Amino acid sequence: GVGALVWWTAFRAKEEPAVTPPAEDPLGGLQATPSMRAVAKYLAVVALLFVVQVLLGALTAHYTVEGQHFFGFPLADYLPYSLTRTWHIQTGIFWIATAFLAAGLFLAPAVGGREPRFQRLGVNLLFGALLLVVGGSLAGQWLSIQQKLGLDAGFWLGHQGYEYVDLGRGWQIALFT
């Protein structure tokens, strides 16, 4: 699809008209709506997931130096390398996806010119679903790697063992939904 779009743009004879910028900043007089204010909690989750990702990356890198210990403490008994690596990748995917979601939810009323009915409720329900998927998948991965889930439950709620999308299939479907 992208190749066809590039080909069509490159080989058509018609020139596009020049774009004139608006006389004033369209977001300059923006008034925050209730749903825009409700998006603030998404930013707190983004920041938290980012910090957790950085700390997990540092711990994972430390394991390459000291093996299964963290400055002599056997931290790998609780947070093994496979888990810190998995969580490091997953938290990165989650904070990036959450940031894009928050931007879309924040900008939608600004671009649309009004706040749709029940928008704030939708933002809050989606936030609850986000917490459920993130928390549930991270907990399921820990339980799966600690071998506290059976094979079937581990597949659906734990760790599928893929390279980047390690969350269980049930969490994967919930995230897509």
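Modeller: Axes are lines fitted to C-alpha atoms, for helices over the stretch in contact, and angles run from 0 to 180 degrees between N-to-C directions. Helices (H or I, at least four residues) and strands (E, at least two) are DSSP runs, numbered from the N terminus. This is a predicted model, in which local features need pLDDT of at least 70 and side-chain atom pairs count only at pLDDT 80 or more, while totals for chains, interfaces and linings use all residues. Residues are numbered from 1 along each chain as its sequence is written, and side-chain values use heavy atoms, with hydrogens and water left out.

Colleague: Are α4 and α5 roughly parallel or roughly antiparallel?

Modeller: The axes of α4 (residues 81-112) and α5 (residues 119-145) come within 11 Å and cross at roughly 175 degrees. Angles under 35 degrees count as roughly parallel, over 145 as roughly antiparallel, 65 to 115 as roughly perpendicular and the rest as oblique. The crossing angle therefore makes α4, relative to α5, roughly antiparallel.

Colleague: How many residues of the contact of α4 with α5 are nonpolar, polar and charged?

Modeller: Contact means heavy atoms within 4.5 Å. On the α4 side the residues include W87, F94 and L101, and they meet a set in α5 that includes L130, S137 and W142. Ala, Val, Leu, Ile, Met, Phe, Trp, Tyr, Cys and Pro count as nonpolar, Asp, Glu, Lys and Arg as charged, and the others, Gly among them, as polar. The residues of this contact divide into 14 nonpolar, eight polar and no charged.

Colleague: Is S137 buried or exposed?

Modeller: S137 has its place in helix α5. Leaving aside neighbours within four places in sequence, S137 is in contact with F94, L132, L167 and W171. Buried means under 20% relative accessible area, exposed over 50%, partly exposed in between (1.4 Å probe, protein chains only). Because its relative accessibility is 0%, S137 counts as buried.

Colleague: How far apart in space are L55 and G29?

Modeller: L55 lies in helix α3 (residues 40-66), and at 56% relative accessibility it counts as exposed. L55 and G29 are 26 residues apart in sequence, and their C-alpha to C-alpha distance in space is 39 Å.

Colleague: What is the phi of F71?

Modeller: F71 is found in the loop between α3 and α4. With 65% relative accessibility, F71 counts as exposed. Its phi is positive in a residue other than glycine, near 55 degrees.

Colleague: And what is the phi of Q147?

Modeller: Q147 is in the loop between α5 and α6 (151-157). Its relative accessible area of 71% makes Q147 exposed. Q147 is not a glycine, yet its phi is positive, at about 60 degrees.

Colleague: What kind of aromatic pair do F73 and Y78 form?

Modeller: The structure holds six aromatic pairs. Rings of Phe, Tyr and Trp (its six-membered ring) pair if their centres lie within 6.5 Å; planes under 30 degrees apart count as stacked, over 60 as edge-to-face and the rest as tilted. F73 and Y78 are 6.4 Å centre to centre with 15 degrees between the planes, and the pair is stacked.

Colleague: What kind of pair do F155 and W156 make?

Modeller: F155 is partly exposed at 31% relative accessible area, and W156 is partly exposed at 43%. Their ring centres are 5.4 Å apart and their planes are at 90 degrees, so the pair is edge-to-face.
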